Amino acid sequence: MTDTTTTTTSLNKFEKFKAEKDGLAIKSEIEKFAALGWEAMNEIDREHRLKWVGVFFRPVTPGKFMMRLRMPNGILTSSQMRVLAQVVQRYGDEGSADITTRQNIQLRGIRIEDLPDIFNRFDAVGLTSVQSGMDNVRNITGDPVAGLDGDELYDTRELVQQIQDMLTNKGEGNPEFSNLPRKFNIAIAGGRDNSVHAEINDLAFVPAFQEGSGEQSPTHQKVFGFNILVGGFFSAKRCEAAIPLNAWVAPEDVVAVCRAVLEVFRDHGPRANRQKSRLMWLIDEWGLDKFRKEVESRLGKSLLPAAAKDEIDWEKRDHIGVYKQKQAGLNYAGLHIPVGRLYGEDMFEIARLAEVYGTDEIRFTVEQNIVIPNISDLRLATFLTEPLLERFSIDPGLLTRSLVSCTGAQFCNFALIETKNRALAMIKALEEDLIFTHPVRIHWTGCPNSCGQPQVADIGLMGTKTRKNGKTLEGVDIYMGGKVGKDAHLGTCITKGIPCEDLQPILQDLLIKNFGAKLKQEVLVVGS
Ligand code: SRM
Ligand code: SF4
């Protein structure tokens, strides 16, 4: 299965411990670990292999683990949300959850002794956290309004679920794909606005019509399918937008293409240096033609060349607010969750709203917000009076609305700065002083790993350490020019090492000069 041509001497320490014992083996040892306690556990099991079941040791809060779930297409039921709420609630103030930039959720405060009970609860409601960390495929993103949007081209829900089932063996864990050279991201866009940031995934599918001919379309009608993008990724050393594979695939072949690409990556991806192990490095080494041929050989058939153009021709929507669904008389409501942070009571309340007003369904977006679908016209007015909407607004300020932040120093040991609380305080201060005419997307990320995707933002802030007056301070590198939706492209770093304590006036200036913001004071003077 794994590349036998890689010599043991060239293996990095991660490859060595994976070769000694597959991460998934941990699954059968959970009871043992729970009885043993975290301090007595083997260090590699505790700090690395547990990630194969989505359990992350947090050096910042030793003994209190993080759990990363899988949420295919970002969708969960209210019963699942209740179980997640019960899990974090048992940890009191230490329990919380974060909606992630991959349409997913992470739980905080988890104790190792509770894992058997937590996994039983997950099983009972069909939740899984398997293969959500380390060298596995991350949560697969799909259109957050799939099946609701009157303008959608393809309802991505089933495909995303099928891919997840294939690579996790329906949530049980699948050793075929549990030892990739590195993490791997997959996204499927179903609408015209690329709600999933297809361009920053290792493998992405974007809607595209193929001119019909031959078997695909004997009547010469245009056939729906996806153009395939490959190799997008961010890392501390290198960031790349995905490039076209020059291949088009019909929906029914998407799962097989995912399998073929993953097999090629698994068996040939570079494993010597973890900074050079993502899919794009293999594509660099081989060239796109050889890579494509190898994928076709695994697939057992040729791929059609890409359709001449894809259908991503809208600006990206954020889904905050209330919108009509394609089903008559129904609406979806996008609630803004500040930096994605939730507590137990919030989660119970969201579950209740989905049950009372919707159809027990909740969705996450890659902007770390939630969508409650299927609210009838008749119930909408009452829904809008719910107290929770005062905190989780459907109409937040124009900066608040688009704020995204990674975990940062509160829980992440890679972090060079505190992010979430700082991001919220900064936005509040800027909104107090400025007036905006349109949203500006500000993304914070605590270190160059770029989990908060600063390169896709209008203004991206990447944590760093900087010097001022002989002191080392928390600072940021500033990125600008990220474009999402149609013609998506990555932003670049425009300035480095700004101390966080000096950031507010600099951001204010950028917002005024580049995004049409105006000082409230000036507007008042002119108006008076
Ligand atoms: Fe990430 C590692 C959090 C999305 C690139 N990421 C980590 C770890 C696991 C590091 C650690 O062990 O502490 C962080 C856990 C902190 C914590 O306690 O929460 C972490 N990443 C996150 C999340 C939670 C950020 C968020 O606040 O939303 C996101 C979880 C997504 C999920 O549900 O699976 C998250 N990470 C991303 C993204 C964005 C995306 O996927 O669109 C990226 C950039 C895209 C990419 O991967 O190409 C990203 N995370 C990384 C990297 C750099 C990868 C590389 O190739 O070098 C690391 C470090 C690593 O893997 O070695 C990393
Ligand atoms: Fe942690 Fe860095 Fe990722 Fe933020 S960007 S969650 S600080 S690894």
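Analyst: On a 1 Å grid over the protein atoms alone, a pocket is an open set of points with protein on both sides within 12 Å along at least five of seven lines, whereas a cavity is a set of points where a 1.4 Å probe fits but cannot get out; lining residues have an atom within 4 Å of a point. Grid points are joined across faces, edges and corners, and a volume is the space filled by probe spheres set on the points. This is a predicted model, in which local features need pLDDT of at least 70 and side-chain atom pairs count only at pLDDT 80 or more, while totals for chains, interfaces and linings use all residues. Residues are numbered from 1 along each chain as its sequence is written, chains are lettered from A and ligands numbered from 1 in the order in which they are written, and side-chain values use heavy atoms, with hydrogens and water left out.

User: How much space lies in the second largest pocket, and which residues lie nearest its centre?

Analyst: The second largest pocket holds about 610 Å³ of space. Its lining comprises 29 residues, and those nearest the centre are Phe-122, Asp-123, Leu-127, Thr-128 and Gly-171. Helices (H or I, at least four residues) and strands (E, at least two) are DSSP runs, numbered from the N terminus. Two or more lining residues come from each of α2, β3 (75-77), α5 (115-125) and α6, and α5 gives the most, with five.

User: What is the volume of the largest cavity, and which residues line it?

Analyst: Rolling a probe the size of a water molecule over the atoms shows where empty space is left. Here there is one cavity of 30 Å³ or more, and the largest has a volume of about 40 Å³. Among the residues that line the largest cavity are Thr-101, Arg-102, His-197 and Gln-453.

User: Which residues are closest to ligand 1, and which residue donates to its iron atom?

Analyst: A residue is near a molecule if one of its heavy atoms lies within 4 Å of it. Ligand 1 is surrounded by 32 residues, the closest being Thr-100, Arg-108, Lys-183, Thr-407 and Cys-451. Donors are N, O and S atoms within 2.8 Å of the metal (3.2 Å for Na, K and Ca); water is not among the atoms, so sites may look incomplete. The single protein donor to the iron atom of ligand 1 is Cys-451 (SG), at 2.3 Å. Cys-451 lies in the loop between β19 (442-445) and β20 (459-468), and this cysteine is also among the residues around ligand 2.

User: Which elements each supply at least two residues of the shell around ligand 1?

Analyst: These are β2 (65-68), β5 (105-110) and β9 (233-234).

User: How are salt bridges read, and how many does the structure hold?

Analyst: A salt bridge is a side-chain nitrogen of Lys or Arg within 4 Å of a carboxyl oxygen of Asp or Glu. The structure holds 52 salt bridges. One of them joins the side chains of Lys-27 and Glu-172, at 3.5 Å from N to O. Lys-27 is in the loop between α1 (13-20) and α2 (30-36) and Glu-172 in the loop between α6 (157-168) and β6 (186-188), so the pair ties together parts 145 residues apart in sequence.
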